[in-house]
Amino acid sequence: MFGNLLKSKKPQAIETNGLSDDDMEPHVNGNGVSNGLASNASRFTMNNGVSELIRKPVIETKGITKTYKMGDEVLNALSGVDITIYQGDLVAIMGPSGSGKSTLMNIVGCLDKPTSGTYKLDGVDVEKMNDDQLAGIRNQKIGFVFQSFNLLRRTPSIENVAQPLIYANVGGRERSKRSREALEMVGLGKRLHHHANELSGGQQQRVAIARALVTDPAIILADEPTGNLDSKTGAEIMCLFQTLNAQRGMTIIFVTHDPRIASHCKRVIRIADGRIIGDDATVDFLDACRGDTFRE
Ligand SMILES: Nc1ncnc2c1ncn2[C@@H]1O[C@H](COP(=O)(O)OP(=O)(O)OP(=O)(O)O)[C@@H](O)[C@H]1O
Ligand SMILES: [Mg+2]
């Protein structure tokens, strides 16, 4: 399965053109060295064409609604959302505040259930699952990254990353090994024992990404992962996402308000008032690892 890509590869720092573990300050270079994204750009210009026919859908929602009752008032947070996300997609979800982005991410991430509609995650019908079943499939197939990192602050990176493995009943030695590998993968092999509060914002978000990767999920979901970061550090995180996507084939979906961040994705889905109003492949998405696309 696609999720085994991580296991099948020798753990090593992915090549992010300058993001190394000994110095995690962003030193993305501007020398134009490609990390393979340029060739992907042309491959995925066909996103809504022939290539989709042979790509495997990992998320399929049909007619998803989410209604909240507030006293006598009914609030429609989502009003019939149909989306299909394919294996290897790198998708930005954009829309105004209150448009339903987080509600959609929570449903896609099995943190919440839709009021109506159907949802297939990696081929499995999830809309009728009970809470325990949802927790199980969530742990198995999805890695989350949050805007505020959600790390245990006085806890070493390696233990923060190991948290999802504890829930998955993975033994201690295996937990340490896999957590170390995940941290090496995001370029933090030399920060294993730093506590979260001893790391920069960008490094903390990398720990959070390692925590999302450690269970070898099919999909990474991130709700405004660069929202609390300056633009240079945001580019660093985008470089990491692009590299995980290009080199490891990971499916990555994230919410952003920032059009510059979205311009680094293969596809942009727009939402307004709980409905999808746009879904476009990015013809020439930018390479965040080049470092010249985020100059102020
Ligand atoms: N638990 C809840 N109870 C009631 N209403 C809710 C709840 N969660 C969200 N809503 C409402 O649903 C709508 C969509 O909220 P959502 O959090 O999905 O927006 P968003 O697009 O993520 O916004 P933002 O960009 O500000 O994060 C909003 O009007 C919000 O007030
Ligand atoms: Mg939100």
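**View 1. The shell around ligand 1 draws on β1, β2 and α4 (101–108), each of which supplies at least two residues.** In this predicted model, the residues around ligand 1 include Tyr 68 and Met 70, Leu 75 and Ala 77, and a run that takes in Ser 97, Gly 98, Ser 99, Gly 100, Lys 101, Ser 102 and Thr 103, with Gly 95 also among them. Helix α4 contributes the largest share of this shell, 3 residues. By residue class, the shell around ligand 1 divides into 4 nonpolar, 7 polar and 1 charged.

**View 2. Strands β2, β1, β4 and β5 form an open sheet of 4 strands, in that order and with antiparallel pairing.** The edge strands of this sheet are β2 (73–86) and β5 (124–125), each of which pairs on one side only. Strand β1 (residues 57–70) runs antiparallel to β2, and the two are joined by 11 bridges; within this pairing, Lys 69 has Val 74 of β2 as its bridge partner.

**View 3. Strand β7 (residues 219–223) is largely enclosed by the rest of the structure, because 5 of its 5 residues are buried.** In a regular strand the side chains alternate between the two faces of the sheet. In β7, Ile 219, Leu 221 and Asp 223 point one way while Ile 220 and Ala 222 point the other way, and all of these residues are buried.

**View 4. Strand β7 pairs in the parallel sense with β6 (residues 142–146) and also runs parallel to β8 (residues 251–255).** The pairing of β6 with β7 extends over 5 bridges, and here Gly 143 stands opposite Ile 220 of β7. Another 5 bridges join β7 to β8, where Ile 219 stands opposite Thr 251 of β8.

View 5. An α-helix has 3.6 residues a turn, so residues three or four places apart point the same way. In α6 (residues 157–167), the buried positions are Ser 157, Ile 158, Asn 160, Val 161, Ala 162, Pro 164 and Leu 165. Just beyond the end of α6, Asn 169 takes a positive phi of about 60°.

Note on methods
Residues numbered from 1 in each chain as written. Chains lettered and ligands numbered in written order. Predicted model: local features only at pLDDT ≥ 70, side-chain atom pairs only at ≥ 80, totals over all residues. Buried ≥ 20, exposed ≤ 12 C-beta atoms within 10 Å, placed from the backbone. Pairing = 2+ DSSP bridges. Near = placed C-beta within 6 Å. Nonpolar A, V, L, I, M, F, W, Y, C, P; charged D, E, K, R; others polar.
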